[in-house]
Each structure stands twice: as C-alpha cells, then as structure tokens.
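Please read them with the coordinates open.

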Amino acid sequence: MSETSQNRGYATQTLDLAGWTHVYSGKVRDLYEPADASIVQRLGQDCVLVVASDRISAYDHVLSSEIPDKGRILTQLSLWWFDQLGVEHHVLGSTAEDGVPAEVVGRAMICKKLDMFPVECIARGYLTGSGLQEYKASGTVCNIPLPEGLVDGSRLEHAIFTPSAKALIGEHDENITYDAVVALVGDDIAARLSELTLKIYTTAEKIARERGIILADTKVEFGYDAVSGSITLGDEVLTPDSSRFWDAATYKPGQAQPSYDKQYVRDWLTSPESGWDKSSDAPPPALPAEVVERTRSRYVEAYEKITGKTFS
C-alpha cells in the first residue's frame, strides 16, 4: 500500500500498481494514470485506470467499514451493461491481457480519459426520493410539471431528465433545471445529454423489467472524447450505487420500496442502535457484521438477477 493520499480527492490508502501512478480518489474509486508511455502508445490515446474499492459511502461520508466484493460486483455489472446499451462508452479494457495489473483484475477498467461535463445526468421513470419531495411541495420535479395524485413509487407516463449539478467533496449534489444545464454546457450538448440519458434509461428499464427488476431511476455521467470528438458515457453505469432497483414482485405504489442498494446501511445508521446523528460532524460508526453481510447479499442478488450470471 502507498501512503495515504492527500489533496487528491478523498484521503484513503491506495495501491502501488506497477506502470501506474495514483492521481485521485473518489468516495469508492481510485484513479491511476499510466507511468509507462508504452501503455498510451499501445492503446492509442490517453487513458486512466479506474479501480473500484470495497468502500461504501452514505450521507456524504465514506464509512470505515467495507463491503466485501463490492468493487468486483459493481465493476462486472457496469461492464455487462456497457455491452447492452448501444452507446459509445469509455472502457478500453478490463483484463490482464489489456494491461490491467493482476492485483486489481476483476475490479478495474482501463478507460479513455474524458473531459467530463459538470452535470449528473439523471433519468426518472418512477417518482420517489428527492423527486417525490419536490413533487409534494410544488407538483414538479426539476421544474417539470407532473400530473396530480402521484404517490411514492408511481410510474411516470414518460421518463424525465432531471439533472443535478456536481457538488464539491463533502457537499450534496443539487437538482437543477434543464435551462441550468444549457447555461453550463450550451444548447447542443444539453440536448444530447438529455437524449442519451433517456435512451440509456429506456433501454435498461426494459432489460431489467424482463428480469423481474424495476429500474426506478439512474444517474449517468458523460464526457467529451477528444480523440473521437464525441460525447461518451463514462464512470460506472446502472449499478446499485448509481441506480434505484426494486423487486417487481414486491413493488407496490404508495409506500417506500425495498431497493437493491445500501438501504440496510442507511437504515442502520439512522436507527437508535447506531447512536449516530447524521446532522453532526461526527463520522458514522463501524457497521455491524450482519449489516455488512446483508448489504453484500443485496449487491450480489442484484448482479445475478440482472445479468443471469452467478457471482463468484
């Protein structure tokens, strides 16, 4: 392990990977750039190694507890989805033969280096979460008017594009209007981001529904690829960390739906048992073993139901 990184995103322990230099850590992923020019020459363009850790975040905190295999599950699920969507994406390779270091094969991808747009692109096909809160107050989501009488979990007649602005580390993303996206990136790019986001959601929602899973909403990110000159899908895609998946067999509008994500973590952290006040500056406590295992099982179940593969 290398020394704890400072001023490179979240402070965390990173790996010493031959041929790669650590440059940044997000809440759950670590980014490395090639230290060897031959890697760039072989791939034909600038690239970055994206390594998914087993870290888990909640309420804008990275927890001290990890979820075993989480990095592998989310990486393999993203790779599966990239193959289904029919849109240009950032993955160049994910195997040792492609140049991924042996110690992170299975939870790492070599990706095109993109100039990322400062927008979280969110598509919603069902009303819940922050969208439900805004709807109750104003009848809108991101200023988009919705019909009266909708409840928690209501399916929308058409999926909607409800972007948010990327926040600084430790702060919340903020829902914004389409006009705000235009102000950030211009008319043409805003229109393309909306079109691609809704295409991804529509394609994935159909695939998931055929497997007994409801895709309520999803967040995707895009960047500009200077080599191809195109807007390209980046980051992770359609994982329990970036999407809200529900079990179709238990789905019932008018109530909160159990989801395939870190629900067990959030529920425990806000329970009397944890003793943690999320409005305080204190870091969250370590998770009990039962919560860790139930959360891992939920991630595995999502992967297996969606892909039809057995996780091992």
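The points below cover confidence, strands, cores and aromatic contacts.

1. Confidence. This is a predicted model. The mean pLDDT of the protein chain is 93, and 95% of its residues reach 70 or more. Residues 1-7 are the stretch to treat with care: pLDDT stays under 50 there, and the model has 20 contacts for them beyond four places in sequence. Where pLDDT is low, predicted coordinates should not be read in detail.

2. β1 (residues 20-25) and β2 (residues 29-34) run antiparallel and are joined by five bridges. Tyr24 has Leu31 of β2 as its bridge partner. The hairpin from β1 to β2 passes through three residues. β2 also runs antiparallel to β3 (residues 47-52), with four bridges. Here Arg29 is partnered with Ala52 of β3.

3. Strands β4 and β5. β4 (residues 55-58) points Arg55 and Ser57 one way, Ile56 and Ala58 the other; all are buried. Its pairing with β5 (residues 61-66) is antiparallel, over three bridges. Glu66 in β5 is the bridge partner of Arg55. The hairpin has two residues between the strands, and Tyr59 takes a positive phi near 50°.

4. Nonpolar cores. Which residues touch the most other members of the largest nonpolar core? They are Trp81, Leu85, Phe222, Leu233, Leu238 and Leu287, in a core of 63 residues. Beyond four places in sequence, Trp81 touches Ala204, Ile207, Ala208, Val237, Leu238 and Ile306. Another core, of 11 residues, lies apart from this one; Trp20, Cys47, Leu49 and Ile110 are among its members.

5. Tyr59 and Trp276. The model has seven aromatic pairs. In this one the ring centres of Tyr59 and Trp276 are 6.2 Å apart and the planes are at 45°, so the pair is tilted. Tyr59 sits in the loop between β4 and β5, Trp276 in the loop between α6 (263-269) and α7 (289-307), and 217 residues separate them. Tyr59 is partly exposed, at 28% relative accessibility. Trp276 is buried, at 11% relative accessible area.

6. Tyr303 and Phe311. Why is this pair edge-to-face? The planes of Tyr303 and Phe311 are at 80°, with ring centres 5.9 Å apart, and an angle over 60 degrees counts as edge-to-face. Tyr303 is buried at 8% relative accessible area. Phe311 is also buried, at 13% relative accessibility.

7. Other ring contacts. Tyr126, Trp246 and Tyr251 form a cluster linked by ring pairs. Arg298 lies over the face of Tyr260, 3.9 Å from the ring centre.

Notes:
Residues are numbered from 1 along each chain as its sequence is written. This is a predicted model: local features need pLDDT of at least 70, side-chain atom pairs count only at pLDDT 80 or more; totals for chains, interfaces and linings use all residues. Side-chain values use heavy atoms; hydrogens and water are left out. A nonpolar core is a set of buried Ala, Val, Leu, Ile, Met, Phe, Trp, Tyr and Cys residues joined through side-chain atoms within 4.5 Å. Buried means under 20% relative accessible area, exposed over 50%, partly exposed in between (1.4 Å probe, protein chains only). Contact means heavy atoms within 4.5 Å. Two strands pair if DSSP finds at least two bridges between them. pLDDT is the predictor's confidence in each residue, from 0 to 100. Rings of Phe, Tyr and Trp (its six-membered ring) pair if their centres lie within 6.5 Å; planes under 30 degrees apart count as stacked, over 60 as edge-to-face and the rest as tilted. A charge sits over a ring if NZ of Lys or CZ of Arg is within 6 Å of the ring centre and within 35 degrees of the ring normal.
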